[in-house]
Amino acid sequence: MKLKSILLSTTFVLSSLILLSNCSQSSTSGKDAKAATSATATTTATKPADTVVTAPVSYPPLNKKLYDSLMKRLAHGDTTGRWPVKNAPYPLPGAILPFKRVVAYYGNLYSKKMGILGELPPNEMLARLHQEVKNWEKADPSTPVQPALHYIAVVASGDPGKDNKYRHRMPFKQIDTVLYLAKKAHAIVFLDIQVSLSNIRAELPLLEKYIEMPQVHIGIDPEFSMKDGTLPGRKIGTFDASDINYVSDYLAKVVRKYHLPPKIFIVHRFTKKMVTNYKEIKLHPEIQFVMNMDGWGEPDLKTGTYRNFIYPEPVQFTGFKLFYKNDIKKAPHHMLTPQEVLKYKPYPIYIQYQ
């Protein structure tokens, strides 16, 4: 209860609300970056999830011919040689990508302002997610859609906390609630980590009991990795390939240990410096790496962000984030439709709504 009281009274630093009126220009000032909100509890009349790891499941062997054809299709006619990525390992059996497109709702159950996941009552939220799944199935009938809940499990905060790390770890009972909601929706779960003044090596192992579950995947947010000690929200943070490789190695070991299908690993990005030394990022058969375009704004700005920071630095797969509110703040006050997102090269295979 004490942690909950802290979370309800503190000021959260909102993910991706650093003003991105032009993320490649100097408009992201310190004043602009201090977007925050008081966390508001959402009522969730749900049962706790069963967190017992189930027995290993046998998956059919990977159809390499089909995999190769789908990867070529994702390249969307690219002729530069960047896409599909060369020399990437084949995934272990049970891989979700590129056989399905993941459509995820993002947020935190303690806040109505951090994303659609916590903004609406659970049943209404799941119904809306189901509608987005149908929208994507209609836009691309050849690609099945896997629904997902992308939950911020470690939240960058304006409150220092006991250890002055300016992040709060969500209670396991709340993660259990997300798992329960996901089960109702036949959805997978992403646990997202905003390290703030902590570091990924301190935060990731604390979630291992969930990572052991086949339906749970991981995301990390460079925006709130404040390596120089700057408080979160004052400037955009960064992760290096070495940080990313630590997560990949960790996930790969868990997959091997528990005989799991590959983990999807999301890294958010909307500037060049958010991810450094991308060529040194290592791929594994046990993980499926997604660089997720995380910027908000008008359609032309989002197109430029994808073109400048995602397309030219290929790792494996790409994602695209859509904001129900922030994308329509400026003219033409329009959030991109699935049909419009599918014009991008390569095709994003992970779609996130906030």
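I located P84 in the loop between α2 (64–74) and β3; here helices (H or I, at least four residues) and strands (E, at least two) are DSSP runs, numbered from the N terminus. I note that this is a predicted model, in which local features need pLDDT of at least 70, side-chain atom pairs count only at pLDDT 80 or more, and totals for chains, interfaces and linings use all residues. Residues are numbered from 1 along each chain as its sequence is written, and side-chain values use heavy atoms, with hydrogens and water left out.

**Backbone entries**

I looked up the peptide bond from W83 to P84 and found it cis, with omega near -5°. I recorded another cis bond between A331 and P332, where omega is about 10°. P332 sits in the loop between β12 and α10 (338–341). H333 lies in the loop between β12 and α10, and I noted its positive phi near 55° in a residue other than glycine.

Y166 belongs to the loop between β4 (145–156) and β5 (167–169). At 18% relative accessibility I count Y166 as buried (buried is under 20% relative accessible area, exposed over 50%, partly exposed in between; 1.4 Å probe, protein chains only).

**Strand β13**

I checked side-chain directions in β13 (residues 350–353): Y350 and Q352 point one way, I351 and Y353 the other, and all are buried. I then asked which strands pair with β13, where pairing requires that DSSP finds at least two bridges between two strands. Strand β3 (residues 101–107) pairs with β13 in the parallel sense over four bridges. Strand β12 (residues 317–322) also runs parallel to β13, joined by four bridges. Q352 is the bridge partner of A104 and of K321.

**Salt bridges**

I found 14 salt bridges in the structure, each a side-chain nitrogen of Lys or Arg within 4 Å of a carboxyl oxygen of Asp or Glu. D140 forms one with R73, the closest N and O atoms being 2.9 Å apart. D140 lies in the loop between α4 (122–139) and β4 and R73 in helix α2, so this pair ties together parts that are 67 residues apart in sequence. I list D140 as buried at 4% and R73 as partly exposed at 32%.

D163 and R167 meet at 2.8 Å, N to O; D163 is partly exposed at 37%, whereas R167 is buried at 7%. D228 and K235 come to 2.6 Å between their closest N and O atoms, and I list D228 as partly exposed at 49% and K235 as partly exposed at 38%. Lastly, I traced one network in which salt bridges that share partners join D163, R167, R169 and E203.
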